[in-house]
Protein chains: 4
Amino acid sequence: MTGAVINIVLKHMFSENIPIYLQIMDHVKQDICSGRIAMGGKLPSVRDKAIELSVNPNTVRHAYQELESEGIIFTQRGMGTFVTEDSNKIDSVRNELAQRLVRQLIDGMTGLGFKSRQILLLVDEYLSNLPGDEER
Amino acid sequence: MTGAVINIVLKHMFSENIPIYLQIMDHVKQDICSGRIAMGGKLPSVRDKAIELSVNPNTVRHAYQELESEGIIFTQRGMGTFVTEDSNKIDSVRNELAQRLVRQLIDGMTGLGFKSRQILLLVDEYLSNLPGDEER
Amino acid sequence: MTGAVINIVLKHMFSENIPIYLQIMDHVKQDICSGRIAMGGKLPSVRDKAIELSVNPNTVRHAYQELESEGIIFTQRGMGTFVTEDSNKIDSVRNELAQRLVRQLIDGMTGLGFKSRQILLLVDEYLSNLPGDEER
Amino acid sequence: MTGAVINIVLKHMFSENIPIYLQIMDHVKQDICSGRIAMGGKLPSVRDKAIELSVNPNTVRHAYQELESEGIIFTQRGMGTFVTEDSNKIDSVRNELAQRLVRQLIDGMTGLGFKSRQILLLVDEYLSNLPGDEER
DNA sequence: GTGGTCTAGACCACA
DNA sequence: GTGGTCTAGACCACA
């Protein structure tokens with residue numbers, strides 16, 4: 001009754017407007033493309049991943065299923081879920097994602113009225129303020 | 001009755017996984033921030049915009065209402081919808097959007113394992129392949 | 001371009017969520033019931049009232065028509081619009097309005113969990129803070 | 001085909017001239033401020049409330065969304081809608097509503113030509129005729 | 001013509 | 001089951 005009351009509903013860290021299962025898919029793809037999970041390596045179980053992300057297991061399952069149907073991961077009965085060993089596949093995923101990101105940036109910035117030079121400058125500036133990243 | 005009938009359903013050009021009304025909001029913001037719609041200027045009517053985008057009027061209205069609640073546009077009963085005349089507001093929207101775009105790019109690329117130098121190179125390359133844009 | 005820009009869209013003083021023509025009706029009723037416009041007296045023309053209220057003449061006309069259909073005012077071709085001379089009519093309007101106001105207050109306050117004593121206190125307090133009103 | 005057919009369309013109990021979603025908002029606020037729904041408690045689901053009120057679910061959703069944007073309630077994906085746990089928020093809502101009600105009464109009655117003493121008398125009289133309300 | 005509200009009904013993501 | 005988005009279409013208030 002006395003003192004400040006704060007609403008604590010600590011949940012996952014996903015952006016509100018994109019389906020969570022899609023965001024999980026992107027995360028997993030990043031883990032694979034960056035090598036954080038090796039080719040042929042084992043993914044966390046649906047259960048564990050759900051706990052890690054504070055999300056319902058169904059949501060993780062949905063993401064894994066989509067990734068499987070895209071051929072990026074595969075499931076082995078009773079063993080778990082694994083990254084494909086097709087390096088071409090992984091490369092193409094990586095390229096697609098990178099393409100999409102760059103296109104989004106430039107389409108968006110152009111729509112806002114920024115010129116090429118200004119876009120490059122802003123990106124450079126933002127990168128300069130990043131911590132770490134020794135080997136630039 | 002005779003011969004094949006082909007149903008061509010030309011529809012809007014929206015990305016699949018983000019609510020349409022949010023994409024409309026971003027488009028309108030871009031129109032405003034780039035000056036394509038002047039400060040204080042009149043937006044297309046809900047109905048017209050809906051036709052232009054091949055979308056239900058309710059969806060456009062949803063977008064306009066959100067924009068109004070963000071203070072970027074305002075409505076005059078029976079007269080239409082207009083861009084705010086508060087230039088500070090517009091500037092801050094522009095900055096927010098630019099920030100978001102750059103952050104998305106860099107977070108995503110970093111997650112994929114790209115280094116700063118590579119990111120800048122890719123952006124530069126993409127920009128070089130753009131048509132027009134004389135005054136870079 | 002420099003200095004603060006303020007959005008001036010000075011318009012009528014009506015509450016947003018109730019049709020303007022209804023609010024005009026209530027205002028006219030108050031003018032009549034309080035005697036500010038005498039029984040049999042002449043109302044401002046639609047045109048003048050519209051200007052006074054910064055409203056479209058159609059809206060005032062709508063209000064006047066409704067009032068006429070309620071028998072509170074009547075129109076004389078070429079002469080203008082006049083208050084009824086039926087004092088019973090006016091009394092009953094006054095009672096209806098007063099009833100409605102008191103009921104709204106008490107239903108609302110009760111819904112909020114206020115007790116009778118608290119309601120009276122709040123009303124009294126509010127009245128005490130009113131300016132003027134010598135002859136209480 | 002034989003005999004008279006009578007269509008009885010039992011509908012909600014809303015006043016005609018105020019948008020239904022606003023009336024729902026007020027009702028919910030009253031439920032919260034009076035403690036009929038506890039702080040942090042769960043609101044009826046959109047669907048249930050719609051059935052209870054004989055109203056389209058979209059209308060209830062509209063009301064809930066506005067209440068959420070006012071910070072009085074919040075939504076948890078797939079779980080439901082809940083009352084804020086910020087007691088200050090609730091207090092301020094309660095005060096605002098009470099203020100509005102009292103102001104409406106007094107402005108209206110004054111406009112009708114009632115004096116302070118008369119207003120208090122009428123309110124008192126109305127309260128005396130209420131059933132129940134032991135603990136006045 | 002212009003925005004605002006409402007209904008009916010479908011489909012989706014999440015728990 | 002729960003909220004969110006979207007379509008199709010009707011009717012209203014206001015200018």
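Reader: How are residues, chains and confidence handled here?
Author: Residues are numbered from 1 along each chain as its sequence is written, while chains are lettered from A and ligands numbered from 1 in the order in which they are written. The model is predicted, and local features need pLDDT of at least 70, side-chain atom pairs count only at pLDDT 80 or more, and totals for chains, interfaces and linings use all residues.

Reader: What makes α4(C) and α4(D) roughly parallel or roughly antiparallel?
Author: Their axes come within 9 Å and cross at roughly 165 degrees. Axes are lines fitted to C-alpha atoms, for helices over the stretch in contact, and angles run from 0 to 180 degrees between N-to-C directions. Angles under 35 degrees count as roughly parallel, over 145 as roughly antiparallel, 65 to 115 as roughly perpendicular and the rest as oblique. The two helices α4(C) and α4(D) are therefore roughly antiparallel. Their crossing is left-handed (the near helix is turned anticlockwise from the far one by less than a right angle; clockwise would be right-handed).

Reader: Which residues make the contact of α4(C) with α4(D), and how do they divide by class?
Author: Among them are C:L97, C:L101 and C:L105 of α4(C), and D:L97, D:L101 and D:L105 of α4(D). Contact here means C-beta atoms, placed from the backbone, within 7 Å. By class there are 12 nonpolar, 4 polar and no charged residues. Ala, Val, Leu, Ile, Met, Phe, Trp, Tyr, Cys and Pro count as nonpolar, Asp, Glu, Lys and Arg as charged, and the others, Gly among them, as polar.

Reader: Why is α1(C) called oblique to α4(C)?
Author: The axes of α1(C) and α4(C), residues 87-111, come within 10 Å and cross at roughly 120 degrees. That angle is why α1(C) counts as oblique to α4(C). This crossing is left-handed. The contact is made by C:K29, C:I32 and C:C33 of α1(C) with C:I90, C:V93, C:R94 and C:L97 of α4(C), giving 5 nonpolar, no polar and 2 charged residues.

Reader: What does chain D bring to its contact with chain C?
Author: Chain D gives 35 residues and chain C gives 35 residues. On the chain D side, α1 (20-33), α4 (87-111) and α5 (116-128) each give two or more. Helices (H or I, at least four residues) and strands (E, at least two) are DSSP runs, numbered from the N terminus. On that side α4(D) gives the most, with 11 residues, and the residues of the side divide into 19 nonpolar, 9 polar and 7 charged.

Reader: How do you know that β1(D) and β2(D) pair?
Author: Pairing takes at least two bridges found by DSSP. Strand β1(D), residues 73-76, is joined to β2(D) by 4 bridges, and the strands run antiparallel. D:I73 stands opposite D:V83. The strands form a hairpin with 3 residues between them, and D:G78 in the turn has a positive phi of about 75 degrees.

Conventions. Contact = placed C-beta atoms within 7 Å.
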